[in-house]
Amino acid sequence: MGYRILADAAMAVHFAFLVYVVAGGFLAWRWPRALWPHLAAGVWGVLILTAGIECPLTAAENWSRDRAGGNRLPPSGFIDHYIEGVVYPERYTLLLQLLAVACVLASWSVPLHRRLTTRPHPQSRA
């Protein structure tokens, strides 16, 4: 039972990470330094999708499911198993990927605009 709970926890963290990758940049509207960890998460997400790197959360979930006697995730991975074809029809994958990218870019727009338009205060001379 403990391994099943661990597998479910890995799945929940995976979902949270995906939400953070798509919408976490909005945290930088309030806390500008939050943009850096969001950038790192985005780069990691892109690497996993494009370079074929196995996500550690997928590995943890598979390891836990093996020990619990359950089925592993399919080789296509977490998104294909839990989201694509489940949350939305497969034919909308490209559209939703583009919307996710648009969401990330929109979330970065405000902190980047603030950074580019804020001028440093001149030091007062005594």
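A40 counts as partly exposed, at 47% relative accessibility (partly exposed sits between buried, under 20% relative accessible area, and exposed, over 50%, with a 1.4 Å probe and protein chains only). This is a predicted model, where local features need pLDDT of at least 70 and side-chain atom pairs count only at pLDDT 80 or more, while totals for chains, interfaces and linings use all residues. Residues are numbered from 1 along each chain as its sequence is written, and side-chain values use heavy atoms, with hydrogens and water left out.

**Helix α2 and its surface**

- A40 is part of helix α2; helices here are DSSP runs (H or I, at least four residues), numbered from the N terminus.
- Between A40 and W29 there are 17 Å from C-alpha to C-alpha, for two residues that are eleven apart in sequence.
- V43 is in helix α2 too, which covers residues 35-51.
- With a relative accessible area of 45%, V43 is partly exposed.

**The largest pocket**

- The largest pocket holds about 1,200 Å³ of space.
- Its lining has 40 residues, and L18, G45, L49, I79 and Q97 are the closest to its centre.
- Two or more lining residues come from each of α1 (2-23), α2, α3 (56-68), α4 (78-83) and α5 (93-117).
- Sorted by class, the lining of the largest pocket has 26 nonpolar, ten polar and four charged residues.
- For those classes, Ala, Val, Leu, Ile, Met, Phe, Trp, Tyr, Cys and Pro are nonpolar, Asp, Glu, Lys and Arg are charged, and the others, Gly among them, are polar.
- A pocket is an open set of points on a 1 Å grid over the protein atoms alone, with protein on both sides within 12 Å along at least five of seven lines, and lining residues have an atom within 4 Å of a point.
- Grid points are joined across faces, edges and corners, and the volume is the space filled by probe spheres set on the points.

**The second largest pocket**

- Lining the second largest pocket are A28, P32, R33, L35, W36, P111, L112, R114 and R115.
- Both α2 and α5 supply at least two residues of this lining, and α5 gives the most, with four residues.
- By class, the lining of the second largest pocket has six nonpolar, no polar and three charged residues.

**Salt bridges**

- Side chains of opposite charge can pair when their charged atoms come close.
- The whole structure has four salt bridges, each with a side-chain nitrogen of Lys or Arg within 4 Å of a carboxyl oxygen of Asp or Glu.
- R4 and D8 form a salt bridge at 3.8 Å, N to O, and both lie in helix α1, four residues apart, about one turn of the helix.
- R4 is partly exposed at a relative accessible area of 43%, and D8 is partly exposed at 28%.
- D8 also meets R65 in a salt bridge, at 3.6 Å, N to O.
- Because R65 lies in helix α3 and D8 in helix α1, the pair ties together parts that are 57 residues apart in sequence.
- R65 is buried, with a relative accessible area of 8%.
- R72 and D66 pair up at 2.5 Å, N to O; R72 is partly exposed at 45% relative accessibility, and D66 is partly exposed at 35%.
- Shared partners link R4, D8, E61 and R65 into one salt-bridge network.

**A buried loop residue**

- E84 sits in the loop between α4 and α5.
- At 15% relative accessibility, E84 counts as buried.
- E84 and P32 are 52 residues apart along the chain, and 32 Å separates their C-alpha atoms.

Note on methods. On a 1 Å grid over the protein atoms alone, a cavity is a set of points where a 1.4 Å probe fits but cannot get out, and a pocket is an open set with protein on both sides within 12 Å along at least five of seven lines; lining residues have an atom within 4 Å of a point.
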